Amino acid sequence: MIPDPIWPIIVLAVVTAVDAVLCLKPVAFIAQCFTDVRFPRRYWWIASPIKFAAVAGLIAGIWIPFLALFTTCCLIAYFVVAIAMHIRARDLGRNLFVNASGMLLLCLLVLAACFLW
């Protein structure tokens, strides 16, 4: 299934790309978020490649059936896990409600707008 409309996929790809760049050498608020949820420092490096792969999947999915849908669903799963990590760590502040929940909402809106409606 090719996304229709395409622009929400592009918006999600751009937001995810910015997020990936911010995770390369985690900026202060991302490093604090990783610390707050007790994500081991030795694994911080994996966030950027995962997010860059998602960007590639979203962009390629404009032309490759089902790839954008699959990638959007993977991002939804990623942010559900992130929210679970925040809840488990009792980190119920800005990082949970603005960052993780906001990204989950964006992913869900893209899923609905491009593949369900």
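**A tour of rings and helices**

Start by selecting Phe-79: this residue is buried, with a relative accessible area of 6%. Bear in mind as you click around that this is a predicted model.

The ring centres of Tyr-78 and Phe-79 sit 4.9 Å apart with the planes at 80°, so you're looking at an edge-to-face pair. How many aromatic pairs does the structure hold? There are three.

Phe-34 belongs to helix α2 (residues 28-36) while Trp-44 is in the loop between α2 and α3, so the pair ties together parts 10 residues apart in sequence. Buried or exposed, these two? Both Phe-34 and Trp-44 are buried.

Next, switch to cartoon and colour helix α1 (residues 7-24) and helix α3 (residues 47-60). Their axes come within 8 Å and cross at roughly 160°. Angles over 145 degrees count as roughly antiparallel, and α1 and α3 are therefore roughly antiparallel to each other. Their crossing is left-handed.

Finally, bring up the side chains where the two helices meet. On the α1 side, pick residues including Ile-9, Leu-12, Thr-16 and Asp-19; on the α3 side, Lys-51, Phe-52, Val-55 and Leu-58 are among them. Colour this contact by residue class and you'll get 14 nonpolar, two polar and two charged residues.

Terms used. Residues are numbered from 1 along each chain as its sequence is written. This is a predicted model: local features need pLDDT of at least 70, side-chain atom pairs count only at pLDDT 80 or more; totals for chains, interfaces and linings use all residues. Side-chain values use heavy atoms; hydrogens and water are left out. Axes are lines fitted to C-alpha atoms, for helices over the stretch in contact, and angles run from 0 to 180 degrees between N-to-C directions. Helices (H or I, at least four residues) and strands (E, at least two) are DSSP runs, numbered from the N terminus. Angles under 35 degrees count as roughly parallel, over 145 as roughly antiparallel, 65 to 115 as roughly perpendicular and the rest as oblique. A crossing is left-handed if the near helix is turned anticlockwise from the far one by less than a right angle, and right-handed if clockwise. Contact means heavy atoms within 4.5 Å. Ala, Val, Leu, Ile, Met, Phe, Trp, Tyr, Cys and Pro count as nonpolar, Asp, Glu, Lys and Arg as charged, and the others, Gly among them, as polar. Rings of Phe, Tyr and Trp (its six-membered ring) pair if their centres lie within 6.5 Å; planes under 30 degrees apart count as stacked, over 60 as edge-to-face and the rest as tilted. Buried means under 20% relative accessible area, exposed over 50%, partly exposed in between (1.4 Å probe, protein chains only).
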